[in-house]
Amino acid sequence: MTTSRRELLKAIPAATLLAASSAVPSGAIPPVLRSGKSRLRLGLAGYSMRDHLQGKLQPAMDLHGFIEKAAEWEVDAVELTSYYFPPDFTPAYVAGLKRHCHVVGLDVSATPIRNTFTYPAGPEREKEIAHVKRWLDVAADLGSPAIRIFAGDAQKGQPEAEARRRCVEAIEACADHAAKRGVFLALENHGGVVAEPDGLLEIVKAVKSEWFGVNLDTGNFHGPDPYADLARCVPYAVTVQVKVEMQAKGGPKEEADFGRLVRMVRDGGYRGYVTLEYEAAEAPLAAIPRYLDRLRALL
């Protein structure tokens, strides 16, 4: 059985828990516990180059081309998004990506995938669970520490509270395999039943696995104060994606305050990759290096 957070906490000194609990929202489980001060490293998401990876912009490229470009831009790690793997990829292809990253001095920070975990018990849910388990295997073979997963929308006629319970069940159905392969299940705040921090934290509080955490996407909360919403979730983050734009409720898109975001994840004790996921309108080959330089200076 996968070790639960609660079981893990029994072995941790009370003083350590007391210090960590000061950053925890009332009623929530303790956050991911880390030793040492915050340490942040720069990553780039494959999704940032999606139009080139899909051949919509020239030069067209595959994941190997993306790895080369990321190395040219001198990041620390790449996020290899599942969408851009060939449909019939083989273990040899995965090994080749891993070799390429190592040769050019890049880590693999995460492997984002698509899934829906709000289905009730039945064939559709089993298909989604099998899909996630397959990508846990791919991530382990890549040397990737996490797969980014989604919760999804509530199904037709399904109350959101029930949808979140179904999501918890599906995540826990994958947790033993995640533990076996040594890969985190990182749930993104990606609309649907986790569009707001309360919905995301409801799932976080319920899942009983030390191999589960949050993929914190800084562009995906749209309440009155997205920065405050993000800050509530930082203690549970195992991966962080930074967008260059944010949008509060009822307002226009605005350029993200990178300094504020970096201070937020640092103050929350996060250690790990801060990955640029570029989605803005400017051409990615022109914009991405500039935003990487800004993030690099702050990290």
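Q: What makes Y83 partly exposed rather than buried or exposed?
A: A residue is buried under 20% relative accessible area, exposed over 50%, and partly exposed in between (1.4 Å probe, protein chains only). Y83 has a relative accessible area of 23%, so it falls in the partly exposed class.

Q: On what basis do these values rest?
A: The model is predicted, so local features need pLDDT of at least 70 and side-chain atom pairs count only at pLDDT 80 or more, while totals for chains, interfaces and linings use all residues. Residues are numbered from 1 along each chain as its sequence is written, and side-chain values use heavy atoms, with hydrogens and water left out.

Q: Why is Y84 called buried?
A: The relative accessible area of Y84 is 10%, and therefore Y84 counts as buried.

Q: Why is the pair of Y83 and Y84 called edge-to-face?
A: Rings of Phe, Tyr and Trp (its six-membered ring) pair if their centres lie within 6.5 Å; planes under 30 degrees apart count as stacked, over 60 as edge-to-face and the rest as tilted. The structure holds ten aromatic pairs. In the pair of Y83 and Y84 the centres are 5.8 Å apart and the planes stand at 70°, so the pair is edge-to-face. Elsewhere, ring pairs join F85, F89, Y93 and W135 into a cluster.

Q: How do you know that the charge of R114 sits over the ring of Y83?
A: The requirement is that NZ of Lys or CZ of Arg is within 6 Å of the ring centre and within 35 degrees of the ring normal. The charged end of R114 is 3.6 Å from the centre of the Y83 ring and sits over it. A further case is R41, with its charged end over the ring of Y273 at 4.6 Å from the centre.

Q: What makes S144 a buried residue, and where is S144 found?
A: S144 has 3% relative accessibility and therefore counts as buried. It is found in the loop between α6 (123-142) and β4; helices (H or I, at least four residues) and strands (E, at least two) are DSSP runs, numbered from the N terminus.

Q: How do you know that the side chains of S144 and T111 form a polar contact?
A: A polar contact is a pair of N or O atoms within 3.5 Å; within protein, one must be able to donate a hydrogen and the other to accept it, and residues adjacent in sequence count only if both atoms are side-chain atoms. The side chains of S144 and T111 are joined by a polar contact of 2.9 Å.

Q: Why is A151 called buried, and which residues is A151 in contact with?
A: A151 has a relative accessible area of 1% and so is buried. Contact means heavy atoms within 4.5 Å. Leaving aside neighbours within four places in sequence, the contacts of A151 include T116, F117, T118 and C167.

Q: What makes β1 and β10 a pair of strands?
A: Two strands pair if DSSP finds at least two bridges between them. Strand β1 (residues 39-45) pairs with β10 in the parallel sense over six bridges. Strand β7 (residues 237-242) also pairs with β10 in the parallel sense, over three bridges.
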